Amino acid sequence: MASVFELCPGRKIGGEHPCFIIAEIGQNHQGDIETAKKMIQVAKDAGADCAKFQKSELEHKFNKRALERPYNSKNSWGKTYGEHKRHLEFSHEQYRELQRFAADVGIFFTASGMDEMAVEFLHEINVPFFKVGSGDTNNFPYLEKTAKKGRPMVVSSGMQSMETMRRVYRTVKEHNPNFAILQCTSAYPLEPEDVNLRVITEYQKEFPDIPIGYSGHESGISISVAAVALGAKVLERHITLDKTWKGSDHEASLEPSELAELVRSVRLVEKALGSGIKQMLASEKACHDKLGKSVVAKVRIPKGSVLTLDMLAVKVAEPMGFPAEDIFQLVGKKAKEDIEEDESITSELVDNHGKKAKC
């Protein structure tokens, strides 16, 4: 059984708790705080559990040459990569404003800390949990420092090998028992043949004491719903207000109606997963009463006859007799009364039969 822990105040994950759904806003807000607020509201209205952003302290995430690199992409917000990233990066005060807005709306708020200083800031503003993006999953000094903060963690595994993820597990586990690992493929958009959902079940085997989840970048919702059916306890999907907007993540994101449908579908699948106990349910009684088969006399059976298999048949019968699965147990029993051909075999007609007919 995967461990159960409180990822956010009052919201546990793992075990039989509902899948925790993260609406990843990331930097799809286009650098506009009002757009970011609209997206938080969309996440809440759709039924997601959490609205998530990406926080970077750019001089700590990139070296100078990376920031000065010319950036001529159609998705660029500046002449250099640094200008582009600065346009999309909210200030500390703006993050606090978004956090307050999320609290007012009634949805959990957090961000991926994209470098160690960003983690320090997120710790300072008391986010409920840290998200580790795939780009930092093999950054072991970062992982260790983040784990030591003591907040729950959700760790994506894009671009990593199983051996690296075993090391990630050991590193985090040493300092912090409350974390989840997400299967992830870092491609935008993600093609179905590269999703590799079976890794979820491999992670469940490798790391049975932590919740396993899925972070998806594919088109549509079907694959994400399938991940939940496989047991994903955390589900993260990027969201956007318009897939045609400038930015590399928009195409791999869900628009508001898709996010709402995803949440509805996940909750429906969770209901359908049930308890794992196989038994006839109350909802099946009407069908059973109408079409359930039971044992009847294949031929006329005189009183005192010892029943043999060739005397018995299975049919939909009125009234219901012994259930079909009892036919072999009836062999060797004695008829207490004359039983006419095609008559239901009931407990009143058979001597010394311990099982009663189902009703």
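Buried means a relative accessible area under 20%. Tyr 169 has 16% relative accessibility, so Tyr 169 counts as buried. This is a predicted model, and every value here is computed from it.

**Aromatic pairs**

The structure holds twelve aromatic pairs. A pair of aromatic rings is described by the distance of the centres and the angle of the planes. Two of the pairs are described here.

Phe 53 pairs with Phe 109. Their ring centres are 5.6 Å apart, and the planes stand at 40 degrees, a tilted arrangement. Phe 53 belongs to strand β4 (residues 50-55) and Phe 109 to strand β5 (residues 108-113), so this pair ties together parts 56 residues apart in sequence. Both Phe 53 and Phe 109 are buried.

Tyr 169 and Phe 179 form another tilted pair. Here the centres lie 5.8 Å from each other, with 50 degrees between the planes. Tyr 169 sits in helix α8, while Phe 179 sits in strand β8 (residues 179-184). The two are ten residues apart, and the pair links distant parts of the chain. Phe 179 has a relative accessible area of 0%, so Phe 179 is buried.

Ring pairs also build a cluster. Its members are Phe 53, Phe 90, Tyr 95, Phe 109 and Phe 121.

**Two helix contacts**

How are helices α1 and α5 arranged relative to each other? Helix α1 (residues 33-46) packs with helix α5 (residues 92-105) at an angle of about 30 degrees. Therefore α1 and α5 are roughly parallel to each other. Their axes are 10 Å apart. The crossing of α1 with α5 is right-handed.

From α1, the contact takes in Ile 33, Ala 36, Lys 37, Ile 40, Gln 41 and Lys 44. From α5, it takes in Gln 94, Glu 97, Leu 98, Phe 101, Ala 102 and Val 105. Seven residues of this contact are nonpolar, two are polar and three are charged. An α-helix has 3.6 residues a turn, so residues three or four places apart point the same way.

Helix α8 (residues 162-175) also packs with helix α9 (residues 198-206). The angle is about 45 degrees and the axes are 12 Å apart. That makes α8 oblique to α9. This crossing, too, is right-handed. Met 162, Met 165 and Arg 166 of α8 meet Glu 202, Tyr 203 and Glu 206 of α9. The contact of α8 with α9 has three nonpolar residues, no polar ones and three charged ones.

The table sets out the two contacts.

| Helices | Angle | Axes apart |
|---|---|---|
| α1 and α5 | about 30 degrees | 10 Å |
| α8 and α9 | about 45 degrees | 12 Å |

**Helix α10**

Which residues of helix α10 (residues 222-229) are buried? They are Ile 223, Ser 224, Val 225, Ala 227 and Val 228. These buried residues pack against α9, β9 (212-216), β10 and α11 (256-273). Gly 231 follows α10 and has a positive phi, near 110 degrees.

Is Glu 236 buried or exposed? Glu 236 has 2% relative accessibility, so Glu 236 counts as buried. Its place is in strand β10 (residues 234-238). Leaving aside neighbours within four places in sequence, Glu 236 contacts Ile 22, Glu 24, Lys 52, Lys 131, Ser 156, Leu 182, Tyr 214, Ser 215 and Gly 216. Glu 236 and Val 266 are 30 residues apart in sequence, and their C-alpha atoms are 12 Å apart.

Ser 134 lies in the loop between β6 (130-132) and α7 (140-148). With 10% relative accessibility, Ser 134 counts as buried.

Asp 32 is in the loop between β3 (20-26) and α1. Its relative accessible area is 33%, so Asp 32 is partly exposed. Asp 32 and Glu 120 are 88 residues apart along the chain, and 24 Å separates their C-alpha atoms.

How values were computed:
Residues are numbered from 1 along each chain as its sequence is written. This is a predicted model: local features need pLDDT of at least 70, side-chain atom pairs count only at pLDDT 80 or more; totals for chains, interfaces and linings use all residues. Side-chain values use heavy atoms; hydrogens and water are left out. Axes are lines fitted to C-alpha atoms, for helices over the stretch in contact, and angles run from 0 to 180 degrees between N-to-C directions. Helices (H or I, at least four residues) and strands (E, at least two) are DSSP runs, numbered from the N terminus. Angles under 35 degrees count as roughly parallel, over 145 as roughly antiparallel, 65 to 115 as roughly perpendicular and the rest as oblique. A crossing is left-handed if the near helix is turned anticlockwise from the far one by less than a right angle, and right-handed if clockwise. Contact means heavy atoms within 4.5 Å. Ala, Val, Leu, Ile, Met, Phe, Trp, Tyr, Cys and Pro count as nonpolar, Asp, Glu, Lys and Arg as charged, and the others, Gly among them, as polar. Buried means under 20% relative accessible area, exposed over 50%, partly exposed in between (1.4 Å probe, protein chains only). Rings of Phe, Tyr and Trp (its six-membered ring) pair if their centres lie within 6.5 Å; planes under 30 degrees apart count as stacked, over 60 as edge-to-face and the rest as tilted.
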